[in-house]
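I opened this notebook to keep track of what I looked up, one stop at a time.

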Amino acid sequence: MTAGRGGLYQNIIARIKNAGDKTFITGSSGDYLYSDIDPICAKIQNVMTGVGVKKGSRVLVQVEKSPEAVMLYLACLRMGAIFVPLNTGYTSGEVSYFFENSEPDLCVVSPDKQESFKDIVGEKPVLTLSSNKDGSLWQQCSDANAEIAELTSDDIAAILYTSGTTGRSKGAMLSNENLRSNAEVLSEYWQWSEDDVLLHVLPIFHVHGLFVALHCALWTTNTMIFHNGLNVENIIADLARSTVFMGVPTHYVRLLDNPTFNADVCRNMRLFLSGSAPLLTETFIQFEERSGLKILERYGMTEAGMITSNPYNGERVAGTVGFPLPGVSGRIGAEKDGKGVLEIKGANVFKGYWRMPEKTKEEFTDDGFFITGDISTMDADGRFTIVGRAKDLIITGGFNVYPKEIESLIDDIDGVKESAVIGVAHPDFGEGVTAIVILDDTKNMTEADIDNLICDSLAKFKLPKKIYIIDALPRNTMGKVQKNALRETYADIYRKLK
Ligand code: AMP
């Protein structure tokens, strides 16, 4: 089935027009019906227009998760402004870069961040939005008369920042059609029905919670139960009134750690989805033993939304990410020993990195495939398994951390000669950020000193969980640091925690 193209918002409005009385989101600040969406978005649009936001303007957003933050996102879609969400954990130093790079016409921030934003943005307007229906943006909402913008499929809907291997993030430009096509394909592939209830526990500054979860629910007019933050007791309590759950592997490990998690609490559940990081086979097996349900693992990334998925009806094989979704082509590039970097093409693939045409060009093959950077195998049936990352990415609790960024910060400390940051298997987070540091002879420093010196400069999830000071980094004959050797040496450090 192909729905009309054009703007994602028009598509959503057409899909939800008969669902007015149905609950769209139920969260701690109250409930919203489907019929609330358009008038609220129009009001927000008017406030944004009033401060100078136009079609194509970037709106930089660093707010707590809330139904009102969802409305802000939808309002941007409605008027053709480009939504640029930021991880709520980013420090002001990190935010400065995103502000300079995205050149927004408006910043919307949590009230507690307003002061630090003022220093960053100068004369640019800043509005606030809290998670309890407050803040200057919300207070100014009144007039619901505003035209829905006429958009083309190629108009950019959002820019989501991915970390770069150089430590600097790149803004992935996602068009209305990138998002629309993925919503349509996923809701069909995972067999969403109007009766589904989604337990939404993911952050909404990332592709997983913002696009995959939210769009699937909107596309099929489902009710979402909104949680802010990971509280296992609350998740277990709400599973009984849900049918679909989307999580990162950390969620599943935490559920299994809780003795009250069992098949009975999952009695209404039809689907548990996992992605954003590899799900361990042991988690998949234990989860099935406890709940009676097989987790459906899928694979995707900021630049392309969802790419592959285990089948809904066919076999869900632990450790694999399944098959390319309908409309997506996947192939293994420069294959060696059966492995190579996964390359993809499809309506889901982004329009390039914001203001980085050269970088964009490097990431595509001559015949137009996007080079994902993930090393994969493909079996005889066409099933893919991700076996590593060509780029040195660490994924901790579902968040990406690029070692280079942390290494640069540590290397700048007086008394540090060099450092290597690696991801080490961690029972809770998938990988734990781990820093190996070499001192020069100028200062006597401890691991705790280094931790103190970097802890205010980085979002919490990026901070090394452990730091080791050693004499020298292992290097090969070409002078390259052997991170594999370090990973082997430190392989067990978090296992011993349990
Ligand atoms: P992000 O752009 O934050 O969504 O991160 C994308 C990266 O997460 C991918 O390039 C993969 O390295 C990794 N990833 C996502 N899903 C999976 C999965 N199911 N298994 C293994 N790695 C995954």
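A polar backbone atom of Ser 276 is 3.2 Å from a nitrogen atom of the ligand. Thr 302 puts a polar side-chain atom 2.6 Å from a ligand oxygen atom. For Asp 374, an N or O atom of the side chain is 2.5 Å from an oxygen atom of the ligand. On its own it has 500 Å² of accessible area, and the protein covers 95% of that (Shrake-Rupley method, 1.4 Å probe).

I noted the ground rules here. The model is predicted, so to speak of local features I need pLDDT of at least 70 and for side-chain atom pairs 80 or more, while totals for chains, interfaces and linings use all residues. Numbering runs from 1 along each chain as its sequence is written, and side-chain values use heavy atoms, with hydrogens and water left out.

Gly counts as polar here, and Asp, Glu, Lys and Arg as charged.

I moved on to the second largest pocket. Its volume is about 830 Å³. A pocket is an open set of points on a 1 Å grid, with protein on both sides within 12 Å along at least five of seven lines; lining residues have an atom within 4 Å of a point. The lining has 38 residues, and nearest the centre are Asn 87, Pro 203, Phe 205, Gly 397 and Phe 399. The classes are 18 nonpolar, 16 polar and four charged.

Then I checked cavities, where a 1.4 Å probe fits but cannot get out. I found two of 30 Å³ or more. Of its 15 lining residues, Asn 178, Leu 179, Asn 182, Phe 211 and Gly 305 are closest to the centre. Helix 7 gives the largest share of this lining, five residues.

Where does the largest cavity lie? Domain 1 (8–188) and domain 2 (230–390) both give residues to its lining, so it lies between them. The domain assignment also gives domain 3 (393–497). My last entry is a distance: the C-alpha centres of domain 1 and domain 3 are 35 Å apart.

Methods:
Polar contact = N/O pair within 3.5 Å; in protein donor to acceptor, adjacent residues only side chain to side chain. Points joined across faces, edges and corners; volume = space filled by probe spheres on them. Helix = DSSP H or I, 4+ residues; strand = E, 2+ residues; numbered from the N terminus. Domains from an automatic or database assignment.
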